[in-house]
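Subject: Structure handover

Hello,

Here is the structure I promised to pass on. My notes on it follow below the model.

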Amino acid sequence: MNRTFIAVDGQDIASDDARLDGLDAAFQAAWRIDGPGVITTDLATAKAIKKSQVSAKRYDIETGGMTVSGAAVSTDRDSQGLVTGAAFAASLNSEYTVQWKTASGFINLDATAIIGLAQAMRAHVQAAFDREATLEGLIDDAADLSALNAIDINSGWEA
């Protein structure tokens, strides 16, 4: 019976070895065939793929919306800009009010609530970037594919 061997961190491991079970599709995409039945993995390429996945996850979290005082609020890039503009207007005029559209309908916001919404949205966005930065640091520090694969990019994000 012919077995395929994969070079992982300079060690040949049979393709049916249980140690390879956790490798995801991104790592498999980074493998290249170096000869008959021999596949090697480039750690730098795998790290770049993992960082790309983290960036996409951050963007999904950042722009995926949030709940403020029970109201679902959009956090896409356009909404971030609109909230920033409203908060600026509210900071110039303490009597400023708006009717803000949420997923469940319009809500009335006074200047204090507008500024609070902007602060909550800014915290939400910054938390997403902070998590991305933390994960990128872990990726950079990963010494081998096993350590890289152990980094869970789907948990630890602000709810």
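In helix 2, the buried residues are Ala46, Lys47, Lys50, Val54, Arg58, Glu62 and Thr63. Buried means under 20% relative accessible area, exposed means over 50%, and partly exposed lies in between, with a 1.4 Å probe and protein chains only. Helices (H or I, at least four residues) and strands (E, at least two) are DSSP runs, numbered from the N terminus.

Before the rest, a word on the basis. This is a predicted model, in which local features need pLDDT of at least 70 and side-chain atom pairs count only at pLDDT 80 or more, while totals for chains, interfaces and linings use all residues. Residues are numbered from 1 along each chain as its sequence is written, and side-chain values use heavy atoms, with hydrogens and water left out.

Overall layout

The chain has five helices and eight strands. From the N terminus on, the order of elements is β-β-α-β-β-α-β-β-α-β-β-α-α. Of its 159 residues, 34% count as buried. Contact means heavy atoms within 4.5 Å. Among the contacts between residues at least 6 apart in sequence, 53% join residues at least 24 apart.

Helix 2 has 21 residues, and from its first C-alpha to its last it reaches 30 Å, close to the 30 Å expected at 1.5 Å a residue. The expected span of a helix is 1.5 Å times one less than its number of residues. Just after helix 2, Gly65 takes a positive phi of about 95 degrees.

Thr75 lies in the loop between strand 6 (71-73) and helix 3. Thr75 is buried, at a relative accessible area of 0%. Its side chain reaches the backbone nitrogen of Gly64 at 3.5 Å. This is a polar contact (a pair of N or O atoms within 3.5 Å; within protein, one must be able to donate a hydrogen and the other to accept it, and residues adjacent in sequence count only if both atoms are side-chain atoms). Leaving aside neighbours within four places in sequence, the residues in contact with Thr75 include Ile61, Glu62, Gly65, Gln80, Met121 and His124.

Helix 3

Helix 3 (residues 77-92) has 16 residues and reaches 23 Å between its first and last C-alpha, close to the 22 Å expected. Its buried residues are Ser79, Gln80, Val83, Ala86, Ala87 and Ala90. Seen down the axis of helix 3, these fall within an arc of 130 degrees, so they line one face of the helix. The arc is that of the directions from the helix axis to the C-beta atoms. The buried residues pack against helix 2 (43-63), strand 7 (97-102) and helix 4 (111-141). On the face turned away from the buried side are the exposed residues Asp78, Leu82, Thr84, Phe88 and Leu92. At the start of helix 3, a side-chain oxygen of Asp76 comes to within 3.0 Å of the backbone nitrogen of Asp78.

Strands 7 and 8

Strand 7 and strand 8 (residues 105-110) pair in the antiparallel sense over six bridges; two strands pair if DSSP finds at least two bridges between them. They form a hairpin with two residues between them. Val98 stands opposite Leu109 in strand 8. The covered face of strand 7 holds Val98, Trp100 and Thr102, and the uncovered one Thr97, Gln99 and Lys101. In a regular strand the side chains alternate between the two faces of the sheet.

Phe106 lies in strand 8 and is exposed, with a relative accessible area of 55%. Beyond its neighbours within four places in sequence, Phe106 is in contact with Gln99, Trp100 and Lys101.

Helix 4 and the cores

The 31 residues of helix 4 should span 45 Å at 1.5 Å a residue, and its end C-alpha atoms are 45 Å apart, which agrees. Among its buried residues are Ile114, Leu117, Met121, His124 and Leu135.

A nonpolar core is a set of buried Ala, Val, Leu, Ile, Met, Phe, Trp, Tyr and Cys residues joined through side-chain atoms within 4.5 Å. Of the 14 residues in the largest one, Val83, Trp100, Leu109, Ile114 and Leu117 touch the most other members. Helix 3, strand 7 and helix 4 each supply at least two residues of this core, and helix 4 gives the most, with five residues. A second, separate core of 11 residues includes Ala46, Val54, Leu135 and Leu145.

Regards
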